[in-house]
Amino acid sequence: MPESSSARIEILCQPPIAQLVLTRGKQNIIDLQMMDELTQALDEIGVRHDTSTVILSGAGENFSAGVDIPSHTRDKVETMLRKFHDAIRRLARTPKVSIAVVRGNCLGGGAELALVCDIVITSENATWGFPEIQLGCYPPVAAAALAAVVGQKRAAELVLTGRSFTGRDAEQFGIANRAVAEHELGATLSEYEQWLKELSPAALAYAKRALYSWDAAHFEKGLTRAEEIYLKELIHTEDAQEGIRAWIEKRKPGWEGK
């Protein structure tokens, strides 16, 4: 794949490493176009025999502050979830070793992208979180996958409170492999690149397939169920609609509990 640039994803492939950079404004907000581009890029990289590793990062100061909030409205949410979960599934299933490099904000859908990567390197002062509950929603990917990474109680805390936490916390919780000072991110990534460059792309792909053979089936079932609850039940509640409206109107939501 030649070096290329698009409106939402920048791609640089130098075998055996491929780099995908989220690029949309200062916060790298994930919109429908970015979801489509990410899915396509992962499909193209996935069939390359000379590539073993895909690195996901954000342009500028932030990884990603999550999915575009207006895309959560009732008339758009089904398309949004389908496209976003297509991208998530591609990232989770790719035979390539996936590495997320996180700095700045890593929130909502952005945190979910990092969550499903094999290896996560984060700056220790990055801001992580799954804040969807504060909008009257919930994060389906985190609901399906987070407990396997951090344990049920910690997952419940993070999803049900929506509180933010630091990169150092992410390492302690088990979401990140390494939390380092921001200026050390490049050197830390280089260490992983050097290790992986010495290894067989085919062996890494089969090892990854075996490593996730149990979790993959449970993740797929869990995500399908979480998506079903979201679309058939949650999105029809008054509180879900109120949370999105309040965010768009820049006011505090008034919850009715129904």
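Two strands are taken to pair if DSSP finds at least two bridges between them, and the views below apply this to a predicted model.

**View 1. The open sheet formed by β6, β8 and β9.** Three strands make up this open sheet, in which the order is β6-β8-β9 and the pairing is mixed. The edge positions are taken by β6 (105-107) and β9 (164-166), each of which pairs on one side only. On average, and with direction ignored, neighbouring strands of the sheet are turned by 25° against each other.

**View 2. The pairing of β8 with β9.** Strand β8, which covers residues 127-129, pairs with β9 in the antiparallel sense, and the pairing extends over three bridges. Within this view, Thr-127 is found opposite Thr-166, a residue of β9.

**View 3. The crossing of helices α4 and α5.** Helix α4 (residues 140-150) and helix α5 (residues 152-161) have axes that come within 7 Å and that cross at roughly 135°. Because angles over 145 degrees are needed for a roughly antiparallel arrangement and 65 to 115 for a roughly perpendicular one, α4 and α5 are therefore classed as oblique to each other. The crossing of α4 and α5 is right-handed.

**View 4. The residues in the contact of α4 with α5.** On the α4 side, the contact is made by Ala-142, Leu-146, Ala-147 and Val-150, while α5 contributes Gln-152, Arg-154, Ala-155, Leu-158 and Val-159. Grouped by class, the residues in this contact of α4 with α5 are seven nonpolar, one polar and one charged.

Definitions and conventions:
Residues are numbered from 1 along each chain as its sequence is written. This is a predicted model: local features need pLDDT of at least 70, side-chain atom pairs count only at pLDDT 80 or more; totals for chains, interfaces and linings use all residues. Side-chain values use heavy atoms; hydrogens and water are left out. Helices (H or I, at least four residues) and strands (E, at least two) are DSSP runs, numbered from the N terminus. Axes are lines fitted to C-alpha atoms, for helices over the stretch in contact, and angles run from 0 to 180 degrees between N-to-C directions. Angles under 35 degrees count as roughly parallel, over 145 as roughly antiparallel, 65 to 115 as roughly perpendicular and the rest as oblique. A crossing is left-handed if the near helix is turned anticlockwise from the far one by less than a right angle, and right-handed if clockwise. Contact means heavy atoms within 4.5 Å. Ala, Val, Leu, Ile, Met, Phe, Trp, Tyr, Cys and Pro count as nonpolar, Asp, Glu, Lys and Arg as charged, and the others, Gly among them, as polar.
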